[in-house]
Amino acid sequence: MAFDFALVALPGAYSSSVGALMDSFLIARDRVEHVFAGEEEMRMETQLHILSADGEPVVLGDGRSFPVDGPANGEEPMAFIWLPAFRAGGREPLERRLAEAGPLIDWLRRQSEMGAVIGASGAASTLLMAGGFTSDLAVPVARAMQPLTRTLFPRQPFEERFGLVDHGHLLIGNGMGNDLQLIIRVLERMISPDIARWLSSIVGQDYEEKELLAPDPMVARAQLWIEQRFTGPINMAELAKHLSTSPATLNRRFHKALGLAPKAYVGQLRFQAAVRMLDKSTRSVDRIAQLVGYSDSRLFRAMFRQHAGMTASEWRTRPRPKAKTGGT
């Protein structure tokens with residue numbers, strides 16, 4: 001199973017586009033550590049690898065040398081690969097870059113075949129065009145880049161209406177203005193909607209919450225309170241006091257808004273967190289039970305079977321649909 005993220009540092013990359021993933025990943029990691037705070041240190045198992053085409057440091061667009069962890073040529077599968085926006089520099093420099101990018105494009109193709117989601121910003125989308133990833137996709141391109149891009153890829157369809165396109169295993173933005181929105185979608189899909197909403201609140205991005213938070217303001221506040229604490233003991237009387245209401249009123253309004261009691265909502269959050277860990281980590285079932293709030297693993301196993309119709313071990317080994325490729 002692929003869990004890790006990779007940032008491929010490209011020559012001339014804009015610092016803000018590189019930082020969009022690095023800062024978002026840091027916020028997501030801090031959020032995980034906060035939600036699962038306890039006696040033992042809990043860290044997000046997903047790691048961020050900083051790579052370059054040849055494993056050497058890269059000079060960014062602002063002239064700074066940017067160190068990397070290694071080359072983008074390994075066979076270890078990645079869950080998400082970020083190609084930050086870079087300075088195109090005109091037709092001839094871009095043509096040279098694409099001509100030299102064969103090994104990187106081949107690595108991206110292998111990663112895509114193993115199920116990796118690839119995100120690209122601005123001029124970095126030309127790497128995907130050159131590799132044939134976008135033959136059936138209209139690519140969003142910023143107005144200033146359109147003449148150059150159309151010259152190099154006359155048969156490539158372009159998206160004129162939207163600045164961000166989400167197409168299965170490809171997420172492409174027309175420039176740095178959409179980088180955070182793109183990465184928020186990745187975190188929502190691969191880590192959790194809670195992490196995505198938290199990141200949105202930190203960076204001031206709009207986030208669609210209609211299906212996540214109840215229209216009743218009291219219940220919405222209760223949801224957020226529970227989300228902050230669901231991995232530990234939940235005292236409904238304390239929650240009701242925090243909301244300046246009675247436990248009976250809280251239970252009634254919660255059930256009316258969401259169709260379930262607050263305690264059932266806690267169980268739902270714990271189940272969802274357990275599923276993400278089963279799918280995206282190698283932690284034992286007993287350890288996952290502890291992390292999501294169960295001191296007795298037997299209670300966790302009963303809860304999981306009730307929600308999933310199978311045991312946690314069966315869930316982890318269930319057949320998975322084959323990932324779609326992003327090739328030619």
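Analyst: A cavity here is a set of points on a 1 Å grid over the protein atoms alone where a 1.4 Å probe fits but cannot get out, and lining residues have an atom within 4 Å of a point. Grid points are joined across faces, edges and corners, and the volume is the space filled by probe spheres set on the points. The structure holds 1 cavity of 30 Å³ or more.

This is a predicted model, where local features need pLDDT of at least 70, side-chain atom pairs count only at pLDDT 80 or more, and totals for chains, interfaces and linings use all residues. Residues are numbered from 1 along each chain as its sequence is written, and side-chain values use heavy atoms, with hydrogens and water left out.

Among the lining residues are Ser125, Thr126, Met129, Pro140, Met145 and Asn174. Helix α4 (residues 125-130) supplies the largest share of the lining, 3 residues; helices (H or I, at least four residues) and strands (E, at least two) are DSSP runs, numbered from the N terminus. By type, the lining has 6 nonpolar residues, 5 polar and no charged. In that count, Ala, Val, Leu, Ile, Met, Phe, Trp, Tyr, Cys and Pro are nonpolar, Asp, Glu, Lys and Arg charged, and the others, Gly among them, polar.

Now to the packing. The largest nonpolar core has 70 residues, and Leu128 is one of those with the most contacts inside it. Such a core is a set of buried Ala, Val, Leu, Ile, Met, Phe, Trp, Tyr and Cys residues joined through side-chain atoms within 4.5 Å, where buried means under 20% relative accessible area, exposed over 50%, and partly exposed in between (1.4 Å probe, protein chains only). Helix α1 (residues 15-35) gives the most to this core, with 7 residues. Beyond four places in sequence, Leu128 has contacts (heavy atoms within 4.5 Å) that include Leu83, Leu108, Phe133 and Ile172.

As for charged pairs, the whole structure has 11 salt bridges, each a side-chain nitrogen of Lys or Arg within 4 Å of a carboxyl oxygen of Asp or Glu. One of them joins Arg110 and Glu75 at 3.1 Å, N to O. Because Arg110 lies in helix α3 (residues 102-113) and Glu75 in the loop between β5 (70-71) and β6 (80-83), this pair ties together parts 35 residues apart in sequence. Arg110 is partly exposed, at 31% relative accessible area, and Glu75 is also partly exposed, at 48%.

Note on methods:
1 Å grid on protein atoms, 1.4 Å probe; cavity = no way out; pocket = protein on both sides within 12 Å on 5 of 7 lines; lining within 4 Å.
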